[in-house]
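Here is a friendly briefing to read with the structure open beside you.

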Amino acid sequence: AFITTMSTSHQFALYSLQSLSFASGLAEDDEAQEAEFRLTLVHHRVQSGELEAELRLFITRRLAKGMAFDGSGSVTVFDAKSSTMCYYCWLRLEETTASTESTRKISVKDVKPDGFVVCFLSSTDDSLDLFCSELDTYCGRLRHLFLTERGNALSEGTKQLLSSWYDSNVLYVCRCVGKLRDRLPSVIYASLMGIPVDISGGSRRDEDDITRFVDNCSVSALLQDKHEVNVDGLVSPATSLLVDVTGQEASNSPKRLTITVSESAFEVSSNETNKFCEDWTARMLGEEEESKPSYLRQVLENFKLKVIQDLNTLKRLMKQAEMDHYALYRSFAFLRDCGNASPLLRLGRQESQAPSAVDARAILELLYEHMQTEGIIL
């Protein structure tokens, strides 16, 4: 049933997708395309019936053009006049391994597209494109529920999950920044250093918030283009969060960071950080900034891009240092001045594991030993 107290700017619609006929390669004619399948409204909270009808036609046309991939959502302008953005995600209801690359790349035009289409609507000010990774993971969790409930009416739990999409996947960043505050640099530093994070106390929502936040402070997805989730679409709260390292490195790490959840704050067990993390988190703290999830998420993305840029600079200097001793000094000076030496050295080691990278590893060890001698890193 439509709830009149809902926010008109954060809406959703769930459609079942049924193929009427299937042939590889859809027709060019719009009417022929739209006749290939049928969208049926299952559950929604959309402002009006007219808006829902427009949304259904909008999604139908995009699907007919093959503009959807299984489990990988897209964000596009739905209504320019009202500044409304739409995230939509097609979910095939088949028992597949969601983390495999082949599954993620299946287009709606390549297979029989029976399943569901999840649509989330929000203002353009919310910049939903910044939250695609969170929303994709959330839809993975919905897929699991749809598979469990196949053939039955949606459970109240599934309906609640749909209703809370914005709170869970967008506002979490505001809650984490607001509750961490001056502990924020230590959490971001732990992510860069691959320090496993444990959560003590708190609700499932607190655990999910911290999981999402720590995961999105990590640069692993940018370096490896790889993101694994469990069957629920989330890192299991019963296990440690290994958000930025391989399992082997994490298991050998003597350090752990514990985040203790209380009603008003998240406390952390270590204050270890660096100037780089402190400078970036200063941009996120402030009464006005903390209430803008899209701004906070953009700061995190810019922070990760800066880490990657600095890593590329270090790798270029190291390559020159293989034949130029002055470039070795420039590498040291860069690490000394950037304020982020330990994480960059760690990432550099990860990037130089190939058998052919003997010289790079030797240079990294020289840099590491010299920076320890100078007291720049511990």
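The accessible surface of the chain comes to about 18,200 Å², and carbon and sulfur atoms account for 49% of that surface. Please keep in mind that this is a predicted model. The chain has 378 residues, of which 48% count as buried. Its secondary structure consists of 16 helices and eight strands. Among contacts between residues at least 6 apart in sequence, 72% join residues at least 24 apart.

**Helices H4 and H9**

- Helix H4 covers residues 132-148, and its axis lies 11 Å from that of H9, with a packing angle of about 135 degrees.
- The crossing in which H4 passes H9 is right-handed.
- On the H4 side, the residues that meet H9 are Ser-133, Glu-134, Tyr-138 and Arg-141. Their partners in H9 are Arg-204, Asp-208, Arg-212 and Asn-216.

**Asn-216, a residue of that helix pair**

- Asn-216 sits in helix H9, which spans residues 204-217.
- Is Asn-216 buried or exposed? Its relative accessibility is 6%, so Asn-216 counts as buried, the cut-off for buried being under 20%.
- Which side chain makes a polar contact of 3.3 Å with the side chain of Asn-216? The partner is Glu-134, one of the H4 residues that meet H9.
- A polar atom of the Asn-216 side chain also lies 2.8 Å from the backbone oxygen of Arg-212.
- Setting aside neighbours within four places in sequence, Asn-216 is in contact with Ser-133, Glu-134, Tyr-172, Arg-297, Leu-300 and Lys-304.

**Helices H8 and H15**

- Helix H8 (residues 184-193) packs with helix H15 (residues 341-351) at an angle of about 25 degrees, and their axes are 9 Å apart.
- H8 and H15 are therefore roughly parallel to each other, as angles under 35 degrees fall in that class.
- This pair, H8 and H15, has a left-handed crossing.
- Tyr-189, Leu-192 and Met-193 are the H8 residues here, and they meet Ser-342, Pro-343 and Arg-346 in H15.

**Asp-310 in helix H13**

- Asp-310 is found in helix H13, which runs over residues 293-321.
- With a relative accessibility of 5%, Asp-310 counts as buried.
- Which residues does Asp-310 touch, not counting those up to four places away in sequence? They are Phe-276, Phe-334 and Leu-344.

- Ser-74 counts as partly exposed because its relative accessibility is 22%. Thr-76 has a relative accessibility of 15% and so counts as buried; the limit for buried is under 20%.
- Ser-74 is in contact with Met-67, Cys-86, Tyr-87 and Tyr-88, leaving aside neighbours within four places in sequence.
- Thr-76 touches Phe-58, Arg-62, Met-85, Cys-86 and Tyr-88, with residues up to four places away in sequence not counted.
- The C-alpha atoms of Ser-74 and Cys-86 are separated by 8.1 Å, and these residues are 12 apart along the chain.
- Thr-76 and Leu-121 are 45 residues apart along the chain, and their C-alpha atoms are separated by 10.0 Å.

**Positive phi in two loops**

- Ser-127 has a phi near 50 degrees, a positive value in a residue other than glycine. Ser-127 belongs to the loop between strand S5 (115-123) and H4.
- Ser-127 has a relative accessible area of 21% and is partly exposed.
- Where is Arg-181 placed? Arg-181 is in the loop between helix H7 (172-180) and H8.
- Arg-181 is not a glycine, yet its phi is positive at about 45 degrees.
- At 36% relative accessibility, Arg-181 is classed as partly exposed.

Conventions
Residues numbered from 1 in each chain as written. Predicted model: local features only at pLDDT ≥ 70, side-chain atom pairs only at ≥ 80, totals over all residues. Heavy atoms only, no water. Helix = DSSP H or I, 4+ residues; strand = E, 2+ residues; numbered from the N terminus. Buried < 20%, exposed > 50% of the residue type's maximum accessible area, 1.4 Å probe, protein only. Contact = heavy atoms within 4.5 Å. Polar contact = N/O pair within 3.5 Å; in protein donor to acceptor, adjacent residues only side chain to side chain. Areas by Shrake-Rupley, 256 points an atom, 1.4 Å probe, with all protein chains shown as cover. Axes fitted to C-alpha atoms, helices over the stretch in contact; angles between N-to-C directions. Left-handed = near helix turned anticlockwise from the far one by under 90°. Parallel < 35°, antiparallel > 145°, perpendicular 65-115°, else oblique.
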